[in-house]
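Me: I would like to learn how to read the helical features of a model. Could you take me through them step by step?

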Amino acid sequence: MSKALASFALVTVLTALLMALSLAVARHGYPYGAIGVRRLDGIADAGTFIPLASVYFFSALLMMILPIRAASIVLTHAADALFWTVIVLFAAIFGCLAARWAFGQGSAVWALLNWRFLFAAAIVGCHFVLNELRRNVLLRSLFFVVFAAATLACLFWSFTL
């Protein structure tokens, strides 16, 4: 968990510095600053977590039913990669919004109240308890169904509010 927090903090700081640089360049009237801001804002979308959650929950579903060796391959090559992708993506979003807030755009922080960030929280929370779910046969069977429902919901439900 400390590695995840350290990675989150580092990516947040780096993204905030890049966004601050882009905002400062744009404030001075150079068009390159606006390009940098647009590129960093392009990744700052909470809706990106829904398809990532679908793939993550499908890999978690597979880990519940596969034998230990095959499940470890799915864990190391799919679930871990998706977990770190979510950490980095959320940190980049947080860094962009922090830089906007620092440059006087106070309403930018309200973007963190988007309910779609719950998908990122679900992936992170699931990743930290995945080992415990795998040990217990009853929990493994129960969460097989939960992960199947979550995968299908993330894949096919529209989630419009």
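**Reading the helices and their contacts**

Reply: Let us begin with one span: residues 109–130 are 64% helix and 0% strand, and their end C-alpha atoms lie 31 Å apart. Helices (H or I, at least four residues) and strands (E, at least two) are DSSP runs, numbered from the N terminus. The model is predicted, so local features need pLDDT of at least 70 and side-chain atom pairs count only at pLDDT 80 or more, while totals for chains, interfaces and linings use all residues. Residues are numbered from 1 along each chain as its sequence is written, and side-chain values use heavy atoms, with hydrogens and water left out.

Me: Where does UniProt place the feature "transmembrane region"?

Reply: The unreviewed UniProt entry places it at residues 48–69, 81–103, 109–130 and 137–159, although such annotations may be inferred rather than shown by experiment. Over residues 81–103 the chain is 96% helix and 0% strand, with the end C-alpha atoms 33 Å apart.

Me: How many helices and strands does the chain have?

Reply: The chain has 6 helices and 0 strands, and its C-alpha atoms fill a box of roughly 60 × 35 × 20 Å along the principal axes.

Me: How do I read the packing of H3 and H6?

Reply: Two packed helices are described by the angle between their axes and the distance between the axes. Axes are lines fitted to C-alpha atoms, for helices over the stretch in contact, and angles run from 0 to 180 degrees between N-to-C directions. Helix H3 (residues 49–65) and helix H6 (residues 137–156) pack at about 155°, with their axes 8 Å apart. H3 and H6 are therefore roughly antiparallel (an angle over 145 degrees). Their contact (heavy atoms within 4.5 Å) includes Phe-57 and Leu-61 of H3 and Phe-143 and Phe-147 of H6.

Me: Which way do H3 and H5 run relative to each other, parallel or antiparallel?

Reply: The axes of H3 and helix H5 (residues 117–135) come within 9 Å and cross at roughly 10°, so H3 and H5 are roughly parallel (angles under 35 degrees). Among the residues that make this contact are Tyr-56 of H3 and His-127 of H5.

Me: How is an aromatic pair read, for instance Phe-8 with Phe-90?

Reply: A pair of aromatic rings is described by the distance of the centres and the angle of the planes. Rings of Phe, Tyr and Trp (its six-membered ring) pair if their centres lie within 6.5 Å, and planes under 30 degrees apart count as stacked. The structure holds 11 aromatic pairs. The ring centres of Phe-8 and Phe-90 are 5.7 Å apart with planes at 25°, so this pair is stacked. The pair links distant parts of the chain, with Phe-8 in helix H1 (residues 2–27) and Phe-90 in helix H4 (residues 68–102), 82 residues apart.

Methods
Angles under 35 degrees count as roughly parallel, over 145 as roughly antiparallel, 65 to 115 as roughly perpendicular and the rest as oblique. Rings of Phe, Tyr and Trp (its six-membered ring) pair if their centres lie within 6.5 Å; planes under 30 degrees apart count as stacked, over 60 as edge-to-face and the rest as tilted.
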